[in-house]
Amino acid sequence: MRVIDAFVESLDVIEMGFDKARTAATGRRPYHPGDLLKLYIYAYLNQTSSTRRLEKECHRNLE
C-alpha cells in the first residue's frame, strides 16, 4: 500500500530508536527496520496475526 510506504518513508527510524538501521561493514546486512515496520503495519491493517499467512500474503500481493 502506497500510504504505508509514504508514511514509513517520512519517519526517521534511527531517531526512533532503531539503531540497527546502520549496518556494520562485515557480515550479512539485516533487513532495514523501515521495511519491517511496513510489513508490521500492513499485517495490522489486514488483521493478519499469523506469520505463515503473512508470508503467503507477501508472495501474493507484491505492492
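Tutor: Helices here are DSSP runs of H or I with at least four residues, strands are runs of E with at least two, and both are numbered from the N terminus. On that basis the protein reads α-α-α along its sequence, with three helices and zero strands. Keep in mind that this is a predicted model, in which local features need pLDDT of at least 70 and side-chain atom pairs count only at pLDDT 80 or more, while totals for chains, interfaces and linings use all residues. Numbering runs from 1 along each chain as its sequence is written, and side-chain values use heavy atoms, with hydrogens and water left out.

Let's zoom in on α2. Helix α2 covers residues 33-45, which is 13 residues. From first C-alpha to last it reaches 18 Å, close to the 18 Å expected at 1.5 Å a residue (the expected span is 1.5 Å times one less than the number of residues).

Now for what α2 hides. Its buried residues (under 20% relative accessible area, with exposed over 50% and partly exposed in between, using a 1.4 Å probe and protein chains only) are P33, G34, L37, K38, I41, Y42 and A43. An α-helix has 3.6 residues a turn, so residues three or four places apart point the same way. Across the whole protein, buried residues make up 22% of the 63 residues. The buried residues of α2 pack against two partners, α1 (2-9) and α3 (51-60).

α1 and α2 pack at about 140°, with their axes 10 Å apart (axes are lines fitted to C-alpha atoms, for helices over the stretch in contact, and angles run from 0 to 180 degrees between N-to-C directions). That makes α1 oblique to α2, given that under 35 degrees is roughly parallel, over 145 roughly antiparallel, 65 to 115 roughly perpendicular and the rest oblique. The crossing of α1 and α2 is right-handed, meaning that the near helix is turned clockwise from the far one by less than a right angle, with anticlockwise being left-handed. In contact terms (heavy atoms within 4.5 Å), I4, D5, F7, V8 and E9 of α1 meet G34, L37, K38, I41, Y42 and L45 of α2. By class, this contact has seven nonpolar, one polar and three charged residues (Ala, Val, Leu, Ile, Met, Phe, Trp, Tyr, Cys and Pro count as nonpolar, Asp, Glu, Lys and Arg as charged, and the others, Gly among them, as polar).

α2 and α3 pack at about 105°, with their axes 11 Å apart. That makes α2 roughly perpendicular to α3. In this contact L39, Y42 and A43 of α2 meet L54, E57 and C58 of α3. The residues involved divide into five nonpolar, no polar and one charged.

Y42 of α2 touches α1 and also touches α3. Y42 counts as buried at 14% relative accessibility. The C-alpha atoms of Y42 and M1 are separated by 7.8 Å, although the two are 41 residues apart along the chain. For the protein overall, residues 24 or more positions apart account for 45% of the contacts with a separation of 6 or more.

Last stop: just past the end of the helix. Q47 lies in the loop between α2 and α3, and Q47 takes a positive phi of about 55°. Most residues other than glycine have a negative phi. Q47 is exposed, with a relative accessible area of 72%.
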